[in-house]
Amino acid sequence: MSELLLELFSEEIPARMQKRASEDLQRLVTDALKAAGVTGANARAFATPRRLALVIDSLPDKTPDVKEERKGPKVGAPQQAIDGFLRAAGLTSIDQATVQEDKKGAFYLAVTEKPGRDMADLIAEIVPEVIRNFPWPKSMRWGTGTLRWVRPLHSILCILDGKVVPIEFEGISADSMTYGHRFMSPDGFNVKSFAEYEEKLKEAKVILDPQKRIDEIREVALFLAQEAGLHLVEDEALLQEVAGLVEWPVPLMGRIDDEFMSVPQEVLTSTMRANQKYFALVTPFETTAAQSPQGEDKENKPHPEEAQSAVSKDGGVTGGKLAPNFIVVANIAAHDGGEAIVNGNERVLRARFADARFLWDQDRKQTLTSRVPKLQEVVFHAKLGSVHDKAMRIGKLARELAAYVPGADAEKAQIAGELCKADLTTGMVGEFPELQGLMGAYYARNDGLDSDIAQAIAEHYSPLGPTDDVPASALGKVVALADKLDTLVGFFGIQQYPTGSKDPFALRRAALGEIRSTLEDDLRFSLEATIKLVVSAYNEQRIVKFDSGSPVGQPLEGLSAEQVLASLLPFFADRLKVYLRDRGARHDLVDAVFALGQEGKPQDDLVLIVKRVEALSDFLGTEDGRNLLAGYKRAVNILKIEEKKDGKSFDGAPDSAKLVEPEEKSLAEAIKKASSDAESAVEAEDFVAAMGALALLRAPVDAFFEKVKVNDEAYRENRLKLLAQIRAALHTVADFSKVEG
């Protein structure tokens with residue numbers, strides 16, 4: 001068994017690409033080996049800023065011998081068919097083929113045996129193909145060659161069992177040489193094994209394993225923070241990025257000038273994180289909610305990899321107040337202990353913070369209220385007007401929704417809604433888009449607005465994902481609901497629906513946020529009525545034509561309120577299925593409840609829908625529930641056939657005089673009582689009691705089907721009406737035809 005060591009040495013690979021690139025290298029090489037019949041090898045891939053490396057243990061010296069059988073024409077076939085078979089099989093004479101028989105008769109069979117290939121020859125063939133077809137997100141060409149690589153490729157190290165695999169590719173010859181740290185150990189050196197390779201790289205100031213670099217950064221940074229009596233703000237995404245920027249990480253501590261500590265700490269941490277890749281430090285004292293301008297972590301950031309913020313859920317920095325220090329990770333062990341590096345980074349950070357302080361000071365010269373008219377210059381969508389239009393709609397809807405959220409003041413809700421987007425015109429949000437909402441809260445407090453209005457502005461983007469918290473304050477809940485619903489109605493109004501994996505306006509996220517906020521806070525309101533309010537607000541602004549007649553000056557096509565409801569309510573149903581499925585609920589039960597809306601029983605109260613689904617799930621988990629479902633399906637199947645045959649429905653009360661069998665009399669009485677009890681329970685929103693009432697139908701339904709013949713000509717129609725009453729009774733709580741099983 002042999003060991004393969006492959007290294008592709010280049011200029012600096014962007015940190016965000018390294019992890020995927022190492023995985024791709026491992027996948028491409030091992031897939032090629034498997035295609036050649038080599039399985040069971042243990043592969044490991046690594047990445048540093050300047051290299052991708054792969055080691056594969058336990059490779060055989062040769063690939064397995066291959067025996068191939070090719071079925072040919074039948075014996076006695078025309079010579080033309082035989083000649084074609086010989087060419088395809090690589091035979092010179094039909095005598096080289098064997099004759100076999102099956103149920104169709106005798107036929108020729110060519111059996112060829114291919115000896116295994118030398119592993120070095122196979123590797124020499126695989127590596128150039130892998131390099132040529134490597135799936136970099138972005139690549140470049142350099143010099144006069146045709147090769148595309150993420151950055152100029154300098155060398156290829158490829159050794160198998162201690163020997164160089166002869167590879168010539170784009171003017172580069174594979175050898176056993178690699179290189180250490182660019183500054184501390186730039187000279188090349190030869191290796192014969194992975195163990196020697198990893199050891200010599202470490203001696204040359206290169207830590208090969210990314211996880212070891214991460215661990216080194218974390219350990220030293222925690223030690224430095226502890227020595228200073230501070231806490232390190234854990235930031236896994238930043239940690240991984242920084243580990244991809246250095247080959248020999250050396251964490252150092254710098255200081256922030258006191259003059260900048262009056263700038264909002266989220267601004268400082270965003271600057272350090274996004275621009276300088278520094279780690280924030282905090283004091284061990286916790287920030288209270290009263291000290292914070294918001295009650296929610298803001299994660300509305302342009303890049304997914306920046307999803308983890310240094311801002312805590314209480315509005316401060318995780319662990320306590322931001323300390324006037326930071327951790328920078330150098331890529332060199334300096335002779336002066338890093339003093340010059342720290343000084344240089346402090347100067348750069350001082351300039352960054354000076355810019356941030358300038359924006360902070362300039363923005364506060366105008367009130368949020370004075371900024372609202374400027375939102376007319378910010379386009380929300382070409383067909384949906386400006387952000388100013390949207391803010392006015394949010395304010396109006398928030399005022400209406402305040403009645404359904406305990407503790408929410410309608411007037412304040414409207415003010416918060418109209419101001420929630422005003423910070424988009426500030427210099428600070430222009431520089432740091434991820435701080436939108438949060439900066440609005442700071443400016444609102446600076447203007448002397450009530451703290452709950454400020455908090456609502458900070459929270460109104462929440463939740464931004466399935467794991468993000470919903471708004472904590474009453475006003476925050478109201479404004480967040482209004483904002484998301486306005487977005488959903490608008491884009492559904494102009495038929496910009498999410499399709500497949502494409503959702504450019506994050507409508508699925510908005511709907512899920514609406515659902516989570518409603519359910520987690522047990523908010524009771526009619527979704528249909530609220531949607532109509534938003535449609536009305538659009539119509540009043542005459543931005544989009546939802547109903548007949550063209551708006552003056554803007555003949556844009558849209559949908560009617562009914563059409564918006566027809567597309568948006570099913571969309572909410574689908575998102576609710578996803579939400580409940582993640583919590584173990586069955587999607588067919590959600591369909592069964594929503595289907596009641598098609599029977600004239602509106603299902604747009606999300607809290608009630610979930611209560612129905614939960615009660616239905618519990619009921620169908622019992623023996624009575626399962627048996628009653630089976631009886632329902634039997635009754636519905638009979639009705640479907642007979643109603644189609646007769647061309648009419650059998651709805652209506654059966655004639656009591658024609659109920660002759662004891663079982664049908666008992667069933668009629670049971671249906672009457674169960675329907676009455678279930679309807680009363682539904683009106684009282686006690687769905688468990690409603691299911692309990694329906695459960696009493698199980699025994700009479702079973703007895704009816706066991707003893708009574710439905711298609712008795714004399715009593716057929718009456719008994720079909722009885723079956724229709726079973727259907728109607730169960731539809732009191734859900735459309736059981738949608739339930740699987």
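This report looks at the salt bridges in a predicted model.

| Salt bridge | N to O distance |
|---|---|
| Glu 11 and Arg 182 | 3.1 Å |
| Asp 257 and Arg 350 | 2.7 Å |
| Arg 364 and Asp 361 | 2.6 Å |

Take the pair Glu 11 and Arg 182, whose closest N and O atoms are 3.1 Å apart. Glu 11 sits in the loop between strand 1 (2-10) and helix 1 (15-35), while Arg 182 is in the loop between strand 11 (177-179) and strand 12 (188-190), so this pair ties together parts that are 171 residues apart in sequence. Glu 11 counts as partly exposed, at 25% relative accessibility, and Arg 182 is partly exposed too, at 32%.

Next up is the salt bridge between Asp 257 and Arg 350. This one links a loop to a helix: Asp 257 is found between strand 14 (250-255) and helix 7 (265-276), and Arg 350 belongs to helix 8 (residues 339-363), so the pair ties together parts 93 residues apart in sequence. Asp 257 has a relative accessible area of 23%, making it partly exposed. Arg 350 is partly exposed as well, with 32%.

Then there's Arg 364, whose side chain meets that of Asp 361 in a salt bridge. Arg 364 is partly exposed at 31% relative accessibility, and Asp 361 is partly exposed at 32%.

Salt bridges can also share partners: that is how Lys 390, Arg 393, Lys 421, Asp 483 and Asp 486 are joined into one network.

Technical notes: Residues numbered from 1 in each chain as written. Predicted model: local features only at pLDDT ≥ 70, side-chain atom pairs only at ≥ 80, totals over all residues. Heavy atoms only, no water. Salt bridge = Lys/Arg side-chain N within 4 Å of Asp/Glu carboxyl O. Helix = DSSP H or I, 4+ residues; strand = E, 2+ residues; numbered from the N terminus. Buried < 20%, exposed > 50% of the residue type's maximum accessible area, 1.4 Å probe, protein only.
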